Amino acid sequence: MSAEIVSALREMVGEGGVLDADELRKRSAGAYRFDTLKAAALVRPTTTQQVSEILRWCHARGISVVTQGGLTGLVHGADAEPSEVILSLERMRVIEEIDTKQRVALVQAGVPLQALQEEVDKHDLAFPLDLGSRGSATLGGNAATNAGGNRVIRYGMTRDMILGLEVVLADGTVLSSLNRLIKNNSGYDLKQLFVGSEGTLGIITRLVLRLREKPLATNMAFVALDSFDAVANFLKHIDRSLGGTLSAFEVMWQSYYKLVTSPPAKGRPPVPQTYPYYVLIESQGGDEALDSQRFNVAMETALDSGLIADAAIAQSEQDCRDFWALRDDVGQVMQGGLPIVFDVSLPIAAMEGYAATLAGTLDSEIGEHRLWIFGHLGDGNLHVIVQVKPMDYLKVRPKVEALVYRPLAACHGSISAEHGVGLEKKPYLYVSRSAAEVAVMRTLKAALDPKGILNPGKIFDPAPGCGRDQ
Ligand SMILES: Cc1cc2nc3c(=O)[nH]c(=O)nc-3n(C[C@H](O)[C@H](O)[C@H](O)COP(=O)(O)OP(=O)(O)OC[C@H]3O[C@@H](n4cnc5c(N)ncnc54)[C@H](O)[C@@H]3O)c2cc1C
């Protein structure tokens, strides 16, 4: 069967456009993964028409298709089974148009995020989505996961930056919804169905993205605080004082700060390592002199009133890069054990108690481990990383997941702030979504993909009698 699939796909996209199962075993399964890809074949179309033809063919035969972008997803959302076809967007990397008047970009879905950021910068514009994985993550993947990242507090999530989408449905139908208008209330906003659908409702092939004016001035500071109350109050103070220019508010619990500012990490502490909480703040505006003045006054007020304990203010672009490098040096969690990575959302008022309870339950119920917490606090989003000994990993992982996820229900939190659900969080979807919500999701899936061939088994299982159970 695999050989048949490979030769049919080669007819559609050419010899070099398809990798067979043996070739796939040489490709990594993704970021922070030690395994390699498996599938009947990996097909790399170059146009929407080819994507449509591939889906029509697979649909007719009931062959499942898993879409892959840059493979930086962290929830096993792009994993494929040996019998499935992987459709990779890696040869659809054209930035088709930058319209500087309308301030939109039209791109193919395989364009890496950083490539678009760099291209629009040449036009004095900005695409404000920004993630540590910017070099590899694709715009199609960002849309499919509704990625968040560093500047959500100012610009929203990927959903808020998409004006139009072109999507190929399971049966090969091309749904072109390449709207360029900010306001368009003519009926259902269909593109929103596909944003965050993790490849389960359609394959995103092209996007119209909203651009912003390039910020002309950036101010940053690294701040130390004595208590969590101070962190929450500082967020309100700085947001109010900066008049809408606050573009990042990233918190780090002390253990994460120590990790990324002590050898073997390359970073060094901009403020002493003795405080319980640290915050990186960034403000982006349009007037260097005025913005700096306002930023410095806001910081002085916070220091003078005792709201913050200490601060280092960036004096150069290099300082800004160094501050961000500390925040982004998540790779340090790979040292000395295996990390279990979580991405949760909860109200700011509940965070301190949640973190303290979690630390306590991990201490009493899990053997040797390390816990790090940091995240986009301004958006209510924490990344929790529990590192365990490699030999304990498989045994303790389910226990650690239960300890992290279950308490979220009581504070109306979410098991996934920005990474999606994939396969990894599927067992805990009930913590954040009601039975009625999941039932509507299943109805949408059955309507758009009745044979259940698109990324089957991700987010939730089909209702009995639907999709692959048919
Ligand atoms: C170092 C690092 C930092 C990160 N930081 C952040 C962060 O700050 N915020 C954040 O939100 N995420 C973050 N991530 C996670 C990841 O980068 C995002 O989820 C990203 O949006 C995934 O894009 P991708 O192209 O790599 O998608 P993939 O990993 O290839 O796929 C992810 C999901 O999207 C589907 N998919 C991909 N392309 C398409 C398409 N064209 N059409 C339909 N479905 C598709 C796949 O089937 C899969 O379900 C980080 C990851 C790493 C490794």
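Which domains is the protein divided into? I looked that up first, keeping in mind that this is a predicted model. I got domain 1 (95-213), domain 2 (217-330) and domain 3 (337-428).

**Domain 2 against domain 3**

I started with the spacing: the C-alpha centres of domain 2 and domain 3 are 25 Å apart. For the contact I listed 15 residues from domain 2 and 16 residues from domain 3.

Between domain 2 and domain 3 I have about 1300 Å², and carbon and sulfur atoms give 70% of that.

Which elements supply the side of domain 2 that touches domain 3? I noted helix 8 (228-241), strand 13 (246-253) and helix 9 (254-260), each with at least two residues there. Strand 13 gives the most, with five residues. Sorting that side of domain 2 by class, I counted 12 nonpolar, one polar and two charged residues.

**The ligand**

How many residues surround the ligand? I got 36, and the closest are Thr67, Gly69, Thr72, Ser133 and Thr138.

I checked some polar distances too. Gly69 puts a polar backbone atom 2.7 Å from an oxygen atom of the ligand. For Thr72 an N or O atom in the side chain is 2.7 Å from a ligand oxygen atom. On the nitrogen side, I noted a ligand nitrogen atom 3.0 Å from a polar side-chain atom of Glu418.

Terms used
Residues are numbered from 1 along each chain as its sequence is written. This is a predicted model: local features need pLDDT of at least 70, side-chain atom pairs count only at pLDDT 80 or more; totals for chains, interfaces and linings use all residues. Side-chain values use heavy atoms; hydrogens and water are left out. Domain bounds come from an automatic or database domain assignment. Contact means heavy atoms within 4.5 Å. Buried area is the accessible area (1.4 Å probe) that two parts lose on being put together, summed over both. Helices (H or I, at least four residues) and strands (E, at least two) are DSSP runs, numbered from the N terminus. Ala, Val, Leu, Ile, Met, Phe, Trp, Tyr, Cys and Pro count as nonpolar, Asp, Glu, Lys and Arg as charged, and the others, Gly among them, as polar. A residue is near a molecule or strand if one of its heavy atoms lies within 4 Å of it. A polar contact is a pair of N or O atoms within 3.5 Å; within protein, one must be able to donate a hydrogen and the other to accept it, and residues adjacent in sequence count only if both atoms are side-chain atoms.
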